Amino acid sequence: LKFLTAAPCRKTIRTINLWGCNGIDDEALLLLAGSSLPALRKLHLVECQISDEGVRSICSTCTDLRVVSLGSEDGVCATLSTS
């Protein structure tokens, strides 16, 4: 993700699929949130190690997101996904 968030093409990325990447955590979402991703519309985070706080950070900075896929067998992000 460090290379992706520094790449010139990041401004045209429309979809990021991190589904099943169990190394993705809130720190990774903060890294994404801190980079400029103006075209990002879809973000898939199913089975990642994230919390509501991480998802809120990315949603507050990537305001054009239209689809954020959340899900987990243990109910992570239950509060955010039901609100």
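Modeller: Here is a quick tour of the sheet, the core and the charged pairs. This is a predicted model, where local features need pLDDT of at least 70, side-chain atom pairs count only at pLDDT 80 or more, and totals for chains, interfaces and linings use all residues. Residues are numbered from 1 along each chain as its sequence is written, and side-chain values use heavy atoms, with hydrogens and water left out.

Biologist: What order do the strands take in the open sheet?

Modeller: The order is β1-β2-β3, with parallel pairing. Strands here are DSSP runs of E, at least two residues, and helices are runs of H or I, at least four, numbered from the N terminus; two strands pair if DSSP finds at least two bridges between them.

Biologist: And which strands stand at the edges?

Modeller: β1 (15-17) and β3 (67-69); each has a single partner strand, so one side of each lacks a neighbour in the sheet.

Biologist: How many bridges join β2 and β3?

Modeller: Three, with β2 covering residues 42-44. Leu43 has Val68 in β3 as its bridge partner.

Biologist: New topic: how many residues are in the largest nonpolar core?

Modeller: It has 18, and Leu43 is among those with the most contacts inside it. Such a core is a set of buried (under 20% relative accessible area, 1.4 Å probe, protein chains only) Ala, Val, Leu, Ile, Met, Phe, Trp, Tyr and Cys residues joined through side-chain atoms within 4.5 Å.

Biologist: Which element gives the most to this core?

Modeller: α2, with four residues.

Biologist: How many salt bridges does the search find?

Modeller: One. Asp64 pairs with Arg66, the closest N and O atoms being 3.8 Å apart; the rule is a side-chain nitrogen of Lys or Arg within 4 Å of a carboxyl oxygen of Asp or Glu.

Technical notes
Buried < 20%, exposed > 50% of the residue type's maximum accessible area, 1.4 Å probe, protein only.
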